Amino acid sequence: MAELKEKLRSDLTAAMKGRQTTVVATLRMALAAVTVEEVAGKTARELSNDEVLKVLSREVKKRNEAAEAFAGAGRREQADAELAEAEVLKSYLPAQLSDEELTDLVTQAIDEVAAQAGEQPGQKQMGQVMKAANAKVAGRAEGGRVAAIVKAKLLG
């Protein structure tokens with residue numbers, strides 16, 4: 001079993017004992033999302049740590065989008081609750097890359113694609129560059145940030 005999933009379970013137990021309602025609800029939701037992912041598809045399987053991280057980052061993104069929607073609708077209390085859940089989940093994710101570090105990784109990815117293709121990649125090769133960049137980033141930056149930097153680099 002993935003160490004991260006075990007950590008979620010043990011932290012859930014500790015939060016229950018400490019009567020931390022937000023943490024308990026958030027970790028239960030996260031474990032449910034992991035379980036759903038495990039049983040999705042034709043056969044049930046155990047998720048690796050990387051797959052659990054992907055599920056958690058997807059859940060953080062959902063919380064942030066929901067908070068934005070609640071704030072836009074004038075429901076500040078619900079937005080704050082969603083942001084609190086997102087913060088709990090972020091503590092399990094690896095540290096996010098700075099813009100400078102992300103730009104360096106994107107530059108390396110562009111150089112790799114250029115070496116393979118034999119020419120400097122353009123807008124048409126954005127998919128190839130994104131694939132190489134996402135492999136280097138490995139969940140330490142949001143996809144939108146990566147795409148924005150790749151697009152800026154490819155355009156000019």
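A word on axes before we start: an axis here is a line fitted to C-alpha atoms, for helices over the stretch in contact, and angles run from 0 to 180 degrees between N-to-C directions. This is a predicted model, so local features need pLDDT of at least 70 and side-chain atom pairs count only at pLDDT 80 or more, while totals for chains, interfaces and linings use all residues. Residues are numbered from 1 along each chain as its sequence is written, and side-chain values use heavy atoms, with hydrogens and water left out.

**The whole chain**

Start with everything in cartoon view. You'll find seven helices and zero strands, which read along the sequence as α-α-α-α-α-α-α. (Helices are DSSP runs of H or I with at least four residues, strands are runs of E with at least two, and both are numbered from the N terminus.) The C-alpha trace spans about 60 × 40 × 30 Å along its principal axes. Of the 156 residues, 32% count as buried; buried means under 20% relative accessible area, exposed means over 50%, and partly exposed is in between, using a 1.4 Å probe and protein chains only. Contact means heavy atoms within 4.5 Å. Among the chain's contacts with a separation of 6 or more, 58% join residues 24 or more positions apart.

**Stop one: H1 and H3**

Select residues 3-17 for H1 and 49-72 for H3. Their axes come within 7 Å and cross at roughly 55 degrees, so the two helices are oblique to each other. On that scale, angles under 35 degrees count as roughly parallel, over 145 as roughly antiparallel, 65 to 115 as roughly perpendicular and the rest as oblique. Show side chains for Glu3, Leu4 and Leu8 in H1, which meet Asn49, Val52, Leu53 and Leu56 in H3. By class, that contact has five nonpolar, one polar and one charged residues. (Ala, Val, Leu, Ile, Met, Phe, Trp, Tyr, Cys and Pro count as nonpolar, Asp, Glu, Lys and Arg as charged, and the others, Gly among them, as polar.)

**Stop two: along H3**

Keep H3 selected. Its 24 residues reach 35 Å from first C-alpha to last, close to the 34 Å expected at 1.5 Å a residue; the expected span is 1.5 Å times one less than the number of residues. Which residues of H3 are buried? Colour Val52, Val55, Leu56, Glu59, Val60, Arg63 and Ala67. The buried residues of H3 pack against H1, H2 and H4. Past the end of H3, click Gly74, whose phi is positive, near 80 degrees.

**Stop three: Glu82**

Now hop to Glu82 in helix H4, residues 76-90. Is Glu82 buried or exposed? With a relative accessible area of 16%, Glu82 is buried. Leaving aside neighbours within four places in sequence, Glu82 is in contact with Arg63, Ala66, Ala67 and Phe70.

**Stop four: H1 and H2**

Go back to H1 and bring in H2. Their axes come within 9 Å and cross at roughly 150 degrees, so H1 and H2 are roughly antiparallel to each other. From H1, the contact uses Lys5, Leu8, Arg9, Asp11, Leu12, Ala15 and Met16, and from H2 it uses Val23, Val24, Leu27, Arg28, Leu31, Val34 and Glu38. Those residues divide into nine nonpolar, no polar and five charged.

In the loop between H1 and H2, pick out Arg19. Arg19 has a positive phi of about 55 degrees although it is not a glycine. At 73% relative accessible area, Arg19 is exposed.

Ala30 has 0% relative accessibility and counts as buried. Beyond residues up to four places away in sequence, Ala30 touches Leu56 and Leu89.

**Last stop: H5 and H7**

Finish with residues 99-117 (H5) and 143-155 (H7), which pack at an angle of about 55 degrees with their axes 10 Å apart. H5 and H7 are therefore oblique to each other. To see the contact, select Asp99, Leu102, Thr103, Val106, Thr107 and Ile110 in H5, then Arg145, Val146, Ile149, Val150, Lys153 and Leu154 in H7. The residues of this contact divide into seven nonpolar, two polar and three charged.
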